[in-house]
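Subject: Structure handover

Hello,

Here is the structure you were waiting for. Please open it alongside this note.

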Amino acid sequence: MGTDRIRKVVVAGGGTAGWIAASTLAYQLREQLEVTLVESSAIATVGVGEATVPPIRNYHRFMNIDEQEFLRAVAGGFKLSISFENFVRPGHRYIHPFGITGKGTLVAGFEQFWLESVRRGMQSELHEYSLEAMASLADRFAIVDDPKINYAYHMDAALYVKFLREKFQPCGIRQVEGKIQQVRQNPDSGYVEALVLEDGQVIEGDFFIDCTGFRGLLIEQTLKTGYEDWNHWLPCDRAIAVQTRSVDPSPVPYTRAIAHEAGWRWHIPVQHRVGCGLVYDSRYMSDDEAQAKLLRDVGAEPVKDPWQVRFRTGRRLKAWNRNVVALGLASGFIEPLESTSIHLAMSAVMKLVELFPSEGIPDSLVNLYNDTCRRELEHVRDFIVLHYHANQRTEKMWTDCREMKLPDSLQLRIDAWRDRAYVWYEPGELFATTSWIHVLLGQGIVPKQHHPLPRELSDADLRRLLDSIRGPIERTVPQLPPQQAFVDRYCKAAPGVWDMHRPAA
Ligand SMILES: Cc1cc2nc3c(=O)[nH]c(=O)nc-3n(C[C@H](O)[C@H](O)[C@H](O)COP(=O)(O)OP(=O)(O)OC[C@H]3O[C@@H](n4cnc5c(N)ncnc54)[C@H](O)[C@@H]3O)c2cc1C
């Protein structure tokens with residue numbers, strides 16, 4: 001057991017992760033903790049991170065955040081899916097929708113019935129049984145309950161930080177501006193005791209959350225925790241980001257991920273602009289080529305100069321080391337293809353609240369926390385590697401990905417799907433079976449056989465089952481408005497909300 005009672009928590013870093021950490025701890029444990037957040041306007045945040053996944057709504061419920069207030073503050077919109085374009089081969093597209101596709105039984109998911117229908121020559125696509133996919137393809141959105149729609153958000157990253165700060169600072173967060181120059185450790189235990197700022201201020205604490213981004217000022221530069229590199233599975237190591245004017249009269253209710261010869265490009269609409277970026281493998285594309293390609297392909301006028309981000313995919317060997325927990329980019333990064341990083345920070349901070357070591361730091365909790373984070377990250381990693389691996393493209397980066405040796409856990413997933421259309425879900429995993437199925441099929445992995453159970457159904461019964469799912473979706477989608485109309489009515493940001501933001505220098 002290390003340290004005594006934990007009262008003073010210091011969050012280092014004021015990006016999205018820092019404000020998520022400080023807000024959550026101050027809001028949930030406000031009577032027991034003094035929370036200080038140290039940030040430096042001289043060190044810019046990464047400035048991206050605008051697409052989310054549906055569990056953000058659980059986090060917001062946990063924090064009592066009102067959806068409309070949040071969306072107005074972040075000039076946000078809705079996300080029903082990700083459209084994967086050119087990933088399998090140029091010209092190919094598939095949708096990875098949120099929500100549940102169809103309805104199965106306890107032992108055979110809906111996909112087994114659909115696969116059986118395909119075997120019998122009945123013509124349909126799996127996405128026709130997903131409300132979120134069909135609404136995405138029709139560019140429509142509304143919050144509906146029957147059938148229930150599942151969604152996440154697109155948001156302005158800088159406005160989200162501002163929103164959290166304004167909403168949760170009154171819960172007692174002490175905000176200190178200044179550059180951390182030194183991290184002071186206890187000479188015996190190695191525990192962090194204080195942050196020393198450039199202007200001489202000393203910020204003491206019992207427990208520290210490292211949210212300093214890729215630098216990992218406490219977790220790595222001070223505690224030398226170590227990093228497991230996943231670059232051999234996830235080859236992209238740089239991104240160029242830019243923001244452009246919106247040219248679509250109604251922004252699409254999904255994130256676009258568009259593959260290119262050495263990576264992919266994102267397209268994330270928010271109310272006042274579009275966030276775009278080119279992710280690339282620097283072995284096969286130079287920075288100049290990437291920037292020129294991005295500006296050529298976005299097809300709209302930039303409203304901000306492009307900026308580059310370099311990254312190494314992987315994970316910190318221990319997210320919690322001594323009295324330091326790393327959150328956000330400081331804890332590791334799996335590239336942004338499925339918009340998972342903000343979710344991982346939220347999920348980790350909720351776990352930390354669940355295990356909060358108020359009376360000292362037992363090894364049992366540290367080990368449990370680290371193990372949970374590792375499993376969660378490896379699961380997300382496998383899912384993203386799948387998108388790279390199962391492709392039919394011809395360029396070197398893609399053929400290398402096709403031929404690489406996969407993590408055993410992913411190979412098992414692919415084999416079980418290919419051999420008998422088997423997918424499974426383990427508690428705590430972000431991606432449900434529906435996600436795996438859409439991406440496995442979308443990336444072109446077709447199972448050799450499926451479950452025998454649906455063979456019990458006659459053609460008429462099978463058709464009736466499929467129609468009972470497709471029918472309500474077909475009736476609902478045309479009644480949904482274009483996303484813009486829904487946003488205008490539900491959560492339109494006040495004019496100029498975005499101008500009030502002063503980004504870090
Ligand atoms: C290309 C790219 C695209 C992404 N897209 C998505 C996405 O669509 N969805 C998603 O969920 N996530 C995405 N992410 C991840 C997401 O951007 C991050 O998870 C999120 O922004 C959190 O970042 P952070 O707060 O950990 O780090 P940062 O934003 O880097 O913040 C670090 C903070 O630490 C402070 N700091 C650093 N050093 C010091 C010092 N010495 N003294 C004082 N302060 C210091 C900085 O001032 C800053 O406030 C993306 C990431 C990348 C690289």
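Below is what turned up around the ligand and in the cavities.

Keep in mind that this is a predicted model.

The ligand first. Its shell counts 31 residues, and Ile43, Ala51, Ile180, Ser341 and Ile342 are the closest. By class, the shell holds 15 nonpolar, 13 polar and three charged residues. Helix H1 (16-28) and helix H8 (341-354) each give at least two residues to this shell. Domain 1 (8-63 + 155-230 + 313-378) and domain 3 (238-310) both contribute to the shell, so the ligand lies between them.

- Gly14: a backbone N or O atom sits 2.9 Å from a ligand oxygen atom.
- Ile180: a polar backbone atom is 2.8 Å from a ligand nitrogen atom.
- Cys211: a polar backbone atom is 3.4 Å from a ligand oxygen atom.

How much of the ligand does the protein bury? Taken alone, the ligand exposes 1000 Å², and the protein buries 97% of that.

Now the cavities. The whole structure has three of 30 Å³ or more. The largest cavity has a volume of about 230 Å³. It is lined by 22 residues, with Ser331, Gly332, Leu344, Cys373 and Leu377 closest to its centre. Helix H9 (363-389) is among the elements that supply at least two lining residues, as are H8, strand E18 (314-316) and strand E21 (332-333). The largest share, six residues, comes from H9. The lining of this cavity divides into 12 nonpolar, five polar and five charged residues.

Best wishes

How values were computed:
Residues numbered from 1 in each chain as written. Predicted model: local features only at pLDDT ≥ 70, side-chain atom pairs only at ≥ 80, totals over all residues. Heavy atoms only, no water. Near = heavy atom within 4 Å. Polar contact = N/O pair within 3.5 Å; in protein donor to acceptor, adjacent residues only side chain to side chain. Areas by Shrake-Rupley, 256 points an atom, 1.4 Å probe, with all protein chains shown as cover. Helix = DSSP H or I, 4+ residues; strand = E, 2+ residues; numbered from the N terminus. Nonpolar A, V, L, I, M, F, W, Y, C, P; charged D, E, K, R; others polar. Domains from an automatic or database assignment. 1 Å grid on protein atoms, 1.4 Å probe; cavity = no way out; pocket = protein on both sides within 12 Å on 5 of 7 lines; lining within 4 Å. Points joined across faces, edges and corners; volume = space filled by probe spheres on them.
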